[in-house]
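Look it over, then read on.

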Amino acid sequence: MSVIFVPEQLGLSLLGGVLIGAAAGGLLLVNGRVAGISGILSAATARGTKAWHWAFLAGLLAAGSGAALSGRALPAGLGAGHVMLLAVAGLLAGVGTRLSGGCTSGHGVCGLARLSPRSLVAVLTFMLAAGVTVFLERHGL
Amino acid sequence: MRALVTAFGFGLLFGAGLLVSGMTDPSRVKAFLDVSGAWNPALALVMGGAVVVALPAFAYGKRLPRALLADEISLPTRTQIDARLLGGAAIFGVGWGLGGICPGPGLVMAGAGALGAGVFVLTSALGARLADWLFTAG
């Protein structure tokens, strides 16, 4: 293996993380809610959905729209050519997060921030499974 | 009404963070997950930075009787570490590794007009209902 360090990426990833943490902390202290995105998406599309679910999701969508309108190019791997793969990936993400009760945000950011052992186990498990998946895709099979 | 505005604002801020961080780029995500190849560890700083910032907010929030705009602070109550947690997290991990996006970045890139990201979000919502149907008694 080799390790790639791009100093600019390190700074931006840290900055992005700080913004995400501020948003999660803000939603908790102001709205009294946990920023678990798979949970909010699931609740928004189920019976008994609340307006704040859709407001939060609209904010996420608007961030992407704003970036596109300001001329930011779409990354590769998310276009029409990858629709089938992403349909399967989404289905697995939906089933898995519903069963485990969280995704990268709910378990990863909020769960770790409230020092939940359950979330730590979830994070280690999905990181390992994702790593093995990419390994098999790139080096195996 | 004010709570809806702030929920939208925190969604927007969260989305901006995802865009800046690199989490919305599947090639960056896969380079982070591919420890055995040319490993790019930058994305570890996303979760790290987010947790460090959110930690005091959650520590403080746990002790507050109410939120600024809500009568209660709703925190998850489940603590059990069981097959459902492990199996679900593993299934989610396979989905994240295959697609290179998780639900947050999926929504952000759907908003940016990426067709595949929109499909990912729709099948994620469908998958949650499927899990309810398959695994929830009653």
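## A covered helix in chain B

Start with helix H4 of chain B. H4(B) is mostly covered, with 13 of its 17 residues buried. A residue is buried if 20 or more other C-beta atoms lie within 10 Å of its own, exposed if 12 or fewer, and partly exposed in between, with C-beta atoms placed from the backbone. Helices (H or I, at least four residues) and strands (E, at least two) are DSSP runs, numbered from the N terminus.

H4(B) reaches 24 Å from its first C-alpha to its last, close to the 24 Å expected at 1.5 Å a residue. That expected span is 1.5 Å times one less than the number of residues. Just after H4(B) comes Gly100(B), with a positive phi of about 80 degrees.

## About the model

This is a predicted model, in which local features need pLDDT of at least 70, side-chain atom pairs count only at pLDDT 80 or more, and totals for chains, interfaces and linings use all residues. Residues are numbered from 1 along each chain as its sequence is written, while chains are lettered from A and ligands numbered from 1 in the order in which they are written.

## The two chains

Chain B has six helices and one strand. Its elements run α-α-β-α-α-α-α from the N terminus on. The C-alpha trace of chain B spans about 50 × 40 × 30 Å along its principal axes. Chain B has 138 residues, and 58% of them count as buried.

Chain A also has six helices and one strand. Here the order from the N terminus is β-α-α-α-α-α-α. The C-alpha atoms of chain A fill a box of roughly 45 × 40 × 35 Å, taken along the principal axes. Of its 141 residues, 57% count as buried.

Next, contacts within each chain. Two residues are in contact if their C-beta atoms, placed from the backbone, lie within 7 Å. In chain B, take the contacts with a separation of 6 or more: residues 24 or more positions apart account for 38% of them. In chain A, 44% of the contacts between residues at least 6 apart in sequence join residues at least 24 apart.

## Where the chains meet

How many residues of chain B are in contact with chain A? There are 110, and they touch 102 residues of chain A. Several elements of chain B each supply at least two residues of this side, among them H1, helix H2 (26-33) and strand S1 (38-39). The largest share, 18 residues, comes from H1(B). By class, the side of chain B that touches chain A has 69 nonpolar, 33 polar and eight charged residues. Ala, Val, Leu, Ile, Met, Phe, Trp, Tyr, Cys and Pro count as nonpolar, Asp, Glu, Lys and Arg as charged, and the others, Gly among them, as polar.

H1(B) covers residues 2-21 and reaches 28 Å, close to the 28 Å expected for its 20 residues. Of these residues, 14 are buried.

## Strands and helices across the boundary

Strand S1 (residues 2-3) of chain A pairs with S1(B) in the parallel sense, over two bridges. Two strands pair if DSSP finds at least two bridges between them. Val3(A) has Trp39(B) as its bridge partner in S1(B).

Helix H2 (residues 37-44) of chain A packs against H6(B) at an angle of about 75 degrees, with the axes 9 Å apart. That makes H2(A) roughly perpendicular to H6(B). Axes are lines fitted to C-alpha atoms, for helices over the stretch in contact, and angles run from 0 to 180 degrees between N-to-C directions. Angles under 35 degrees count as roughly parallel, over 145 as roughly antiparallel, 65 to 115 as roughly perpendicular and the rest as oblique. From H2(A), the contact uses Ser38(A), Leu41(A) and Ser42(A); from H6(B), it uses Ser124(B), Ala125(B) and Ala128(B).

Ser27(B) sits in helix H2 of chain B. Is Ser27(B) buried or partly exposed? Ser27(B) is partly exposed, because 13 other C-beta atoms lie within 10 Å. Leaving aside neighbours within four places in sequence, Ser27(B) is in contact with Pro75(A), Ala76(A), Gly77(A) and Gly100(B). The C-alpha atoms of Ser27(B) and Gly100(B) are separated by 7.0 Å, though the two are 73 residues apart along the chain.

Leu115(A) lies in the loop between helix H5 (104-113) and helix H6 (117-139) of chain A. Most residues other than glycine have a negative phi. Phi of Leu115(A) is positive, near 60 degrees.
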